[in-house]
Amino acid sequence: MALITNSRADLGQHKETEMTLYFQDYSGGPNATVIEITGHPDGVLSFTKFGAIFCTDDPVTEGFSESSAQIARAQGLYVTSALDGSNTHVLISIVFTNEEYKGSTLEVQGSSAQFERVREVAVVGGTGKFRLAVVTPLLKLFTTIMHFPMRSFAATLPCYITK
C-alpha cells in the first residue's frame, strides 16, 4: 500500500522565540515530584538500576529560584535504559500553564546521558502555539541542592524555537 500526499499550506512568516525553562525536580520528601514506579519498598530511588522506571511532574519556572513564577509542568517518564545505568530514555511533555502559552506543549523524547552535566535532548514536536515548531534544546544540569530529607535538582533547558 502506498500513500502519496501533497499539501500547500501558507504558514506565514517564521517567528523565532528564545526561552529558558528551569526544571525544579524533587526526588524525596512529602512534596516529591518524581517517584520510582518500580521502586524499592524503603522508597530509596535507584536512578542507575537498569529497567528502573520513574514518573515525574516537575514544576517548570521562569527563573532558577524555586520561588520563580511557574510557567509549565514537565510531566512524563524516565526509564534507565543502559545496562550500566549511564543513560535514561526520556518521554516528557512540557505543558505550559502561563497565560502566553497556556495549553501548548513541547514533547521531549530520547536518550539522556544522566551523569553528564550538559546533554542534548530532542524536542520531537509540540502543540498549540508550538505546532510545527523546530526547537533546538540543550539540557544543562544547573545545580544540585541538598535539603534534608529530600534532594532538589534544577536543570535549565534553553530553547531556540522557530515557527
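Visitor: Is Phe130 buried or exposed?

Guide: In this predicted model, the cut-off for a buried residue is a relative accessible area under 20%. Phe130 has a relative accessible area of 2%, and because that value falls under the cut-off, Phe130 counts as buried.

Visitor: With which residue does Phe96 form a tilted aromatic pair?

Guide: A pair of aromatic rings is described by the distance of the centres and the angle of the planes. For the tilted pair that involves Phe96, the centres are 5.1 Å apart and the planes stand at 45°. Planes under 30 degrees apart would count as stacked and those over 60 as edge-to-face, so an angle between these limits is called tilted. The partner of Phe96 in this pair is Phe130.

Visitor: How many residues apart in sequence are the parts that Phe96 and Phe130 tie together?

Guide: Phe96 belongs to strand E5, which covers residues 87-96, and at 2% relative accessibility Phe96 counts as buried. Phe130 lies in the loop between strand E8 (122-127) and strand E9 (134-137).

Visitor: Which residues have the most contacts inside the largest nonpolar core?

Guide: In soluble globular proteins, nonpolar side chains tend to be buried together. Here the largest nonpolar core has 24 residues, and the elements that give two or more residues to this core are E1, E3, E4, E5 and strand E6 (105-113). The residues with the most contacts inside the core are Leu21, Ile94 and Phe96.

Visitor: Why is E1 described as largely enclosed by the rest of the structure?

Guide: Strand E1 covers residues 16-26 and runs antiparallel to E3, to which two bridges join it. Within this pairing, Phe23 stands opposite Val60, while the bridge partner of Tyr22 is Thr61. E1 is called largely enclosed because, of its 11 residues, the number that are buried is eight.

Visitor: How many bridges join E3 to E4?

Guide: Strand E3 also pairs with strand E2 (residues 34-36), in the antiparallel sense and over three bridges, and there Ile35 stands opposite Cys55. E3 and E4 likewise run antiparallel, and one example of their pairing is Thr56, whose bridge partner in E4 is Gly76. The number of bridges that join E3 to E4 is nine.

Visitor: With which residue does Asp57 form a salt bridge?

Guide: Side chains of opposite charge can pair when their charged atoms come close. A search of the whole structure finds one salt bridge, and it links distant parts of the chain, with Asp57 in strand E3 (residues 53-61) and its partner in strand E4 (residues 70-80), 16 residues apart. Asp57 is partly exposed, with a relative accessible area of 31%. The closest N and O atoms of the pair are 3.0 Å apart, and the partner of Asp57 is Arg73.

Visitor: Which word describes the aromatic pair of Phe47 and Phe54?

Guide: The structure holds four aromatic pairs, and in this one the ring centres are 4.6 Å apart with the planes at 20°. Phe47 is partly exposed, with a relative accessible area of 23%, whereas Phe54 counts as buried at 1% relative accessibility. Because planes under 30 degrees apart meet the cut-off, the pair of Phe47 and Phe54 is stacked.

Visitor: How far apart in space are Lys129 and Thr105, C-alpha to C-alpha?

Guide: Lys129 is found in the loop between E8 and E9 and is partly exposed, with a relative accessible area of 48%. In sequence, Lys129 and Thr105 are 24 residues apart. In space, their C-alpha to C-alpha distance is 8.1 Å.

Visitor: How many strands are there in the protein?

Guide: Of the 163 residues of the protein, 38% count as buried. The protein holds zero helices, and from the N terminus on its elements run β-β-β-β-β-β-β-β-β-β-β. The number of strands is 11.

Definitions and conventions. Residues numbered from 1 in each chain as written. Predicted model: local features only at pLDDT ≥ 70, side-chain atom pairs only at ≥ 80, totals over all residues. Heavy atoms only, no water. Salt bridge = Lys/Arg side-chain N within 4 Å of Asp/Glu carboxyl O. Helix = DSSP H or I, 4+ residues; strand = E, 2+ residues; numbered from the N terminus. Buried < 20%, exposed > 50% of the residue type's maximum accessible area, 1.4 Å probe, protein only. Phe/Tyr/Trp six-rings, centres within 6.5 Å; stacked < 30°, edge-to-face > 60°. Pairing = 2+ DSSP bridges. Core = buried A, V, L, I, M, F, W, Y, C linked by side-chain atoms within 4.5 Å.
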